[in-house]
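The following exercises concern a structure that is to be examined step by step. Please work through each task before reading its solution.

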Amino acid sequence: MTVIQATRPLDVEAIRSDFPILHRKVHGKPLVYLDNAASTQMPQSVINRLVRYQSEEHANIHRGVHALSELATREYEGVRTKVQHFINAPSEREIVFVRGATEGINLVMHGYGRKFLQAGDEIVISALEHHANIVPWQLLCEEKGTVLKVVPMNDAGELLQDEYERLLTDRTKFVALTHVSNALGTINPVKEMIAKAHERGIPVLIDGAQAAPHMPVDVQDLDADFYVFSGHKMCGPTGIGVLFGKAQYLEKMQPYQGGGDMILSVTFEKTTYNVIPHKFEAGTPAIAATIALGAAIDYLVDHGLDRIAAYEHTLLEQATAALGAMPGVRILGTAKEKAAVLSFEVEGVHPHDVGTVLDQEGIAIRAGHHCAQPVMQRLGVPATARASFAFYNMPSEVDALVAGIRKVQELFG
Amino acid sequence: MTTSNQLYQEVILEHNKKPRNYGPLPEANRKAEGHNPLCGDHISLTLDVEGDRIEKIGFEGHSCAICKASASMMTTTVKGKTVAEAENLIQEFRELATGKLDPTAPHHLGRLTVFSGIAGLPSRVKCAVLPWHTLHAAFHNEASVSTETEA
């Protein structure tokens, strides 16, 4: 990946002291948490924000004339502005709160796809997609007769750009791509890929679930039409995520769900929808989770996404070198541009056995298909073991992983 | 001693490395496929059942050590037994793997009790039980069984 010159290295010891869970033991061993691509842990400041909101500030938003409702509304809407700045969106009107990246994609499928795509239209996705960026489009294809086209990848886990360009035709009406592969760590050249689609006027959705917590994201620089990510993968709570959408698209999309808050007026004859982004936020939202997401963004921004990316890259390099030097260990996903995700196989040992033995050592990794079964099929494996790093991981935890894998090999040797 | 040593006991590791009755039976009159879509475990069972007795049984597939050892030990256990006896073992093994087997009640599992540790690892229970589900399916002429359609 691009080497980012960090002006000041992260103080990882200090960061770790902010995360209470990192100090617990699992099976009597210190926790080594290397499952950050699945979900990250939460610093005390975010936990405190949840507690303070529930203890002192909770009321329903956008409806009360009383003090607490106004306070909760102000805090909730303040996070919208925070998210806008976090991804450099032009306007807070373009920030829609959703449950997570999955719901964000489903919202776009429903609001844009079902309204504007027709039988025979083609949707281009990639071989690296998470199920969340495959299945919604398959649902649309079943319903509307649209056709799914898949950008293939090479053995390293890099998308074939010439194939991508070949797939973009007059029939292509939508492109949906992952920014970073959750299974292999590949960072896709989404800026260039968006530009290619835009040459043909095709809107592009980027699944940023694995990117937003690990690198600076600028939706204007990327020129993404839609960008989705999840709070719980960036030190925030579960149940909250973000859909960025350009106003020009959000304005003309149909609502996703109907209910309170997404309307301006309702009669039995006619309902007028609320303005964006509220048109897409029916019902009482996850207020506490949203406000805590704001605290998580503060935490990440305070430490600097460029510094976080640079530090995590050193962990990736260390782990890649260490596992790469182990006989009987094969790394899957060797793209030139990678985030700190390391999928691997231990020869002769099923990934679930690897995962269980490591778990007994206190090391949490993911074993399985990572909700990316087509990636597994492409690589010819049923599953992989995956270690994924965050900025609170330490070099000594890479060593622990290596020792754990040795233990697996001894046990099954 | 760690739980992984308790779970991956020598007998399980040994059956994983040298599975018994591995390979398909050409003369099979019963067969079934077992699949765990969540982890990709896949086994196929072939049986030669004469009257109500399991004369021969073979299995093959791709799976984790727990699943493979469970399949291997299952085949050595049910070979020569009647279908009714095997059905009873299936029930007892399911109870063992889910921690529901009454330890004070008599059972017929013998060495299969090495799998008792699996009950503490809910994510791995399906691996151990898959061969037994598949055996049940073979008896009932179900071509395939998936862990994800079990109640």
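A residue is buried if 20 or more other C-beta atoms lie within 10 Å of its own, exposed if 12 or fewer do, and partly exposed in between, with C-beta atoms placed from the backbone. Helices (H or I, at least four residues) and strands (E, at least two) are DSSP runs, numbered from the N terminus. The model is predicted: local features need pLDDT of at least 70, side-chain atom pairs count only at pLDDT 80 or more, and totals for chains, interfaces and linings use all residues. Residues are numbered from 1 along each chain as its sequence is written, while chains are lettered from A and ligands numbered from 1 in the order in which they are written.

**Exercise 1.** Describe the surroundings of B:Leu112.

*Solution.* Step one: B:Leu112 is located in the loop between α4 (83–97) and α5 (122–139) of chain B. Step two: B:Leu112 is buried, because 22 other C-beta atoms lie within 10 Å. Step three: two residues are in contact if their C-beta atoms, placed from the backbone, lie within 7 Å. Not counting residues up to four places away in sequence, B:Leu112 touches B:Met73, B:Thr77, B:Phe93 and B:Leu96. Step four: B:Met74 is 38 residues from B:Leu112 along the chain, yet their C-alpha atoms are separated by 8.0 Å.

**Exercise 2.** How many residues of chain A are in contact with chain B, and which elements contribute two or more?

*Solution.* Step one: 13 residues of chain A are in contact with 16 residues of chain B. Step two: the elements giving two or more residues to this side of chain A are α12 (351–360) and α14 (395–412). Step three: α12(A) gives the most, with 5 residues. Step four: the model scores ipTM 0.86 and pTM 0.93.
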